[in-house]
Amino acid sequence: MAAPEERDSQVAAWLKKIFGDHPIPQYEVNPRTTEILYHLSERNRVRDRDISLVIEDLKQKASEYESEAKHLQDFLMESVNFSPANLSNTGSRFLNALVDSAVALETKDTSLASFIPAVNDLTSDLFRTKSKSEEIKLELGKLGKNLTATLVLEKCLREDLKKAELHLSVERAKVDSRLQNMDFLKAKAAEFRFGIKAAEEQLSARGMDASLSHRSLVALSEKLTELKQQTIPLKKKLESYLDLMPNPSLAQVKIEEAKRELDAIEAELTKKVEMMEL
């Protein structure tokens with residue numbers, strides 16, 4: 001199999017030979033088009049070689065026929081003293097046409113028995129040549145369609161590749177920006193941690209109660225919210241007692257119990273609020 005460089009040079013030489021002094025039409029040079037043109041050049045080279053062999057064979061046969069004609073002419077002159085020069089113009093034309101036909105049909109003589117098979121063979125060769133020509137035309141048509149489809153596909157792939165490269169460039173810019181933001185946030189987080197640690201150390205040196213730290217205050221706030229949620233059912237329970245027809249002694253006892261329970265919860269809430277306000 002020929003190397004890519006050898007194929008390129010062979011294709012270029014073949015195109016120059018085909019178009020001669022005319023400029024070679026512009027086409028996109030890629031491995032696919034080079035492959036197609038290389039196969040066409042190979043077919044053309046084989047065809048030219050076959051034609052050259054046929055031409056050489058015909059030249060050889062023509063030389064043989066000329067020798068045979070000269071021999072027959074000499075034989076006629078010697079046997080019957082007959083010369084083509086003695087024929088009329090019409091007879092000479094007929095004789096020349098008969099000789100040219102025999103040469104073209106490659107017959108061994110000018111008899112009818114030689115002409116008929118030669119004409120039949122020539123007709124068969126003509127049909128075979130036409131059939132082969134049609135096959136080559138169909139193959140060239142298929143190659144042309146495949147080449148067009150390949151070029152269209154290559155164009156689409158190039159456009160998709162450009163879009164992918166553009167999208168990749170945009171995404172890469174986003175990633176770089178996010179990395180920069182992440183580095184900035186990491187630096188800020190480290191700065192805040194250092195500031196919090198320094199503030200805690202400073203407050204600890206001043207004797208601040210650990211229960212007043214940010215974490216403790218957040219926990220107390222969550223506890224306060226929980227306690228407030230717990231007082232809601234107690235208040236509803238107290239309101240239900242207030243709606244009943246009072247049994248003075250029993251109602252008084254329940255009211256006092258509820259008030260004491262509510263006072264205890266409110267006292268605890270007040271204590272927690274006061275601690276958060278310090």
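Contact here means heavy atoms within 4.5 Å. The model is predicted.

Q: Which residues are in contact with Thr 33, leaving aside its neighbours within four places in sequence?
A: Thr 33, in helix α2, is in contact with Tyr 27, Glu 28, Leu 147 and Leu 151.

Q: Why is Thr 33 called buried?
A: Buried means under 20% relative accessible area. Thr 33 has a relative accessible area of 7%, so Thr 33 counts as buried.

Q: Why is Tyr 27 called partly exposed?
A: Exposed means over 50%, buried means under 20%, and partly exposed lies in between. Tyr 27 has 36% relative accessibility, so Tyr 27 counts as partly exposed. Tyr 27 is found in the loop between α1 (4–19) and α2 (31–79).

Q: What makes Ile 24, Tyr 27 and Val 29 a nonpolar patch?
A: A patch takes residues with over 30% relative accessible area and no salt bridge, and nonpolar side chains are joined within 5 Å. Ile 24, Tyr 27 and Val 29 form such a patch on the surface, with about 270 Å² of accessible area together. For Tyr 27, the value is 36%, and the cut-off is over 30%.

Q: What makes up the largest nonpolar core?
A: Val 11, Trp 14, Leu 15, Leu 37 and Tyr 38 make up this core, 5 residues in all. Both α1 and α2 supply at least two of its residues, and α1 gives the most, with 3 residues. A core of this kind is a set of buried nonpolar residues joined through side-chain atoms within 4.5 Å.

Q: Which residues does Leu 15 touch, not counting those up to four places away in sequence?
A: Leu 15 touches Ile 24, Tyr 27 and Leu 37. Leu 37 also belongs to the largest nonpolar core, while Ile 24 and Tyr 27 belong to the surface patch.

Q: How many helices and strands are in the protein?
A: There are 6 helices and 0 strands, and the pattern along the sequence is α-α-α-α-α-α. Of the 278 residues, 12% are buried.

Q: Which helix has the lowest mean pLDDT, and which the highest?
A: Helix α6 (residues 248–277) has the lowest, 69, and helix α4 (residues 112–205) the highest, 84. The mean for the protein is 76, and 76% of its residues reach 70 or more. Where pLDDT is low, the predicted coordinates should not be read in detail.

Terms used
Residues are numbered from 1 along each chain as its sequence is written. This is a predicted model: local features need pLDDT of at least 70, side-chain atom pairs count only at pLDDT 80 or more; totals for chains, interfaces and linings use all residues. Side-chain values use heavy atoms; hydrogens and water are left out. Helices (H or I, at least four residues) and strands (E, at least two) are DSSP runs, numbered from the N terminus. Buried means under 20% relative accessible area, exposed over 50%, partly exposed in between (1.4 Å probe, protein chains only). Patches are made of residues with over 30% relative accessible area and no salt bridge: like charges are joined within 9 Å, nonpolar side chains (Val, Leu, Ile, Met, Phe, Trp, Tyr) within 5 Å. Accessible areas come from the Shrake-Rupley method with a 1.4 Å probe; for residues, only the protein chains shown count as cover. A salt bridge is a side-chain nitrogen of Lys or Arg within 4 Å of a carboxyl oxygen of Asp or Glu. pLDDT is the predictor's confidence in each residue, from 0 to 100.
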